[in-house]
Amino acid sequence: MSILVVGSVAFDSVETPFGKADEALGGSATYFSTSASYFSPVKLVAVVGSDFPEEHIEALKGRGIDVTGLQKVAGGKTFRWKGKYEYDLNQAHTLDTQLNVFSNFDPILNDGHKDSPYVFLANIDPDLQLKVLEQVRKPKLVACDTMNFWIEGKPEALRKILRRVDIVIINEGEAREFAGCSSLVKAAKTILKEGPNALIVKRGEYCSLMFIGNSVFSAPAYPLEDICDPTGAGDSFAGGFMGCLASTGDLGE
């Protein structure tokens, strides 16, 4: 079954101790949809500027991703993010963020998008996430991501989202910050009280933790020998996770 993802499509400029890349294709919706496309059909809703190369759009289409919801703003510039990693690749240091056309993003869904059974609200303004939820009709499963910027800047809008989604997928720092405590178990209980059925906490190279009610499940990370750039790893994880659920239709614990 198909998945709707609403998020960012961007240019990433990244530097690590192992190399650098300038204006590579990135963005939460890009990473998520590419990963999910290995399992299920994906419909992408995002915005780019007129500087966005057609070859990138063709690359997304080549993965079977529906890009009819990718808005292209004439004369506008695409969202850009610049970051740096030290040898601890679990921590990104943001050097520059240029929202550009993303600052005025207004996600409008067509009929095909509205009937999507699986919905992923990538890391965008929670008010926009709410706007998407108001347009989808009868989704079977809704999951969302967020970040510290929204936790600090729009906590009430974020709480409204948590009351309306089935699964929250965030990293451990975000879980602790939202709950205002250091214990992941206590943080998980606080977040689940807000409304979602399940919380998945991403812990990078260590593991992922799933909290459902009083149940906790830990999935180890697959050990890799060569890691050059972890940008988009969390979005890719969410894409694989949602893609697998959509392909099987099994929503049991």
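Q: Hi! Starting with Tyr222: is that residue buried or exposed?
A: Tyr222 counts as exposed, because its relative accessibility is 70% and the cut-off for exposed is over 50%. Keep in mind that this is a predicted model.

Q: Thanks! Where is Tyr222 in the fold?
A: You'll find Tyr222 in the loop that runs between strand S13 (215–220) and helix H9 (233–248).

Q: Switching to ring pairs: how many aromatic pairs turn up in the whole structure?
A: The search finds seven aromatic pairs. One of them is Phe102 with Phe105, a stacked pair with 5.7 Å from centre to centre and 20 degrees between the planes.

Q: What about Phe149 and Trp150, how are those rings arranged?
A: Phe149 and Trp150 are edge-to-face, because their planes stand at 80 degrees and anything over 60 falls in that class. Their ring centres are 4.8 Å apart.

Q: Back to the Phe pair: are Phe102 and Phe105 buried or exposed?
A: Phe102 is buried at 13% relative accessible area, and Phe105 is buried too, at 5%. Trp150 also counts as buried, with 14%.

Q: Which residues make up the aromatic cluster with Phe102 and Phe105?
A: Phe79 belongs there as well, and the three form one aromatic cluster.

Q: Last one: what sits over the ring of Tyr38?
A: That would be the charged end of Arg63, 3.8 Å from the centre of the Tyr38 ring.

Methods. Residues are numbered from 1 along each chain as its sequence is written. This is a predicted model: local features need pLDDT of at least 70, side-chain atom pairs count only at pLDDT 80 or more; totals for chains, interfaces and linings use all residues. Side-chain values use heavy atoms; hydrogens and water are left out. Rings of Phe, Tyr and Trp (its six-membered ring) pair if their centres lie within 6.5 Å; planes under 30 degrees apart count as stacked, over 60 as edge-to-face and the rest as tilted. Buried means under 20% relative accessible area, exposed over 50%, partly exposed in between (1.4 Å probe, protein chains only). A charge sits over a ring if NZ of Lys or CZ of Arg is within 6 Å of the ring centre and within 35 degrees of the ring normal. Helices (H or I, at least four residues) and strands (E, at least two) are DSSP runs, numbered from the N terminus.
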